[in-house]
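Have the viewer open as you read.

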Amino acid sequence: MQVLSNARRLTRILKPQILLNSAPSDHKLIIYSQCSSLHSSSSCSLPSSGNYCFATVRDVMYSRTSKGSFCSASGGESTATEAVKKIYDDIIDSVNVRRTMAPNAWLWSLIENCKTREDIKLLFDALQNLRIFRLSNLRIHDNFNCNLCREVTKACARVGAVDFGKKALWKHNMYGLTPSIASANHLLSYAKHHNDFELMVDVMKLLEKNHIPLQPSTADLVSSICYYSDNWELISKYSKKFLKAGVKLRRFAFDLWMDFAAKRGDTESLWKTEKLRSGLMKQHTLVSAFSCAKGLILEGKPLDAAATIQLLDQTLPDTKKSGMVVELQKLVNEWPLSVVKHQKEENRKALAAVLKSGIPAMVNGLPNMGVEVNVNLEDLAIKEEIPC
């Protein structure tokens, strides 16, 4: 009897451990000697027995993820803001602990409050958790709509976390984001502001790989970045891509292409672009007309250049005619040096001779325009690097 009594007492003591070892693999339990640390990092209410605390593997992973994110934030160059931490905690607690979908307003608020790179990290972690919850609990296989992706990339560009922004441009991503050209344009605007043509190249590659259709606004941004980076090879490459994609280009893109071609003295590219432009729009802009005039001067046709400017003077609204004086001054005082510098050394002297005879002839062919331009290429040749 004594032996049987001891055996029963031993069975009662070992029973919790036997239950643990026999639990199904999908709901494995982890035994903790102290449960206070888990309770402090999570608001979950866990059943306890004596000095032991029982938690699912998922609960423990949540606890470690939250702690790890905040530790890395405090140890990095920037830390997550308190507002973002609070919203992030609420979202994670909702989907991983209480097993209910977080209100949409929380996610939008999280996006709006992002101010640092660590905030963006928490945002993307929250997006991943929300996507998992939508798939596993709500059986929603669709991604979030493209408006959310647009605001996410906007936040990434705002804080300079462009590497995260590029993740949002993949069609198949772990965050449930639906990329669009509007999302890409936020990153391209960042590239334009920082004169970062390498980022522009990366974004354009992502657009191609993920079959995101190009838009006129994208052409404007890409052309602007190439123009101000003085990268003729890239603007030539992407202009072909936009045309092949059937993008209906706007005046701004044509102006940049034509002005760039005229600045380099590339009359072949200039006339090709002018042919495309004239097929889409009848009237010239200031930039396109003066680019054509420059091309005619380069071809030794200064009177035709003057006629082009006179025609512009007749069709241009009075409110914009003051810009003609500015463009004419640029043609005389800035463009000669620029176009000569872009030529090979052996071709510069011949081109300088064309400019020295062509520009004064063009100006003389502009009567009654009320424009006074001081054309003195002899002084320019001495002060700068145009050979005599």
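What follows looks at one helix pair and then at the nonpolar cores.

This is a predicted model, in which local features need pLDDT of at least 70, side-chain atom pairs count only at pLDDT 80 or more, and totals for chains, interfaces and linings use all residues. Residues are numbered from 1 along each chain as its sequence is written, and side-chain values use heavy atoms, with hydrogens and water left out.

Start with α11 (residues 216-228) and α12 (residues 232-244), whose axes come within 9 Å and cross at roughly 165°. Helices here are DSSP runs (H or I, at least four residues), numbered from the N terminus, and axes are lines fitted to C-alpha atoms over the stretch in contact, with angles from 0 to 180 degrees between N-to-C directions. The two helices are therefore roughly antiparallel (over 145 degrees). On the α11 side, T218, A219, V222, S223 and C226 make the contact, meeting L234, I235, Y238 and F242 of α12 (heavy atoms within 4.5 Å).

Now widen the view to the largest nonpolar core, which has 40 residues; M200, V203, M204, L207, V222, Y238 and F242 have the most contacts inside it. Such a core is a set of buried Ala, Val, Leu, Ile, Met, Phe, Trp, Tyr and Cys residues joined through side-chain atoms within 4.5 Å, buried being under 20% relative accessible area with a 1.4 Å probe, protein chains only. The helices α9 (181-193), α10 (197-209), α11, α12 and α13 (251-264) each supply at least two of its residues, and α10 gives the most, with seven.

Key
Parallel < 35°, antiparallel > 145°, perpendicular 65-115°, else oblique. Buried < 20%, exposed > 50% of the residue type's maximum accessible area, 1.4 Å probe, protein only.
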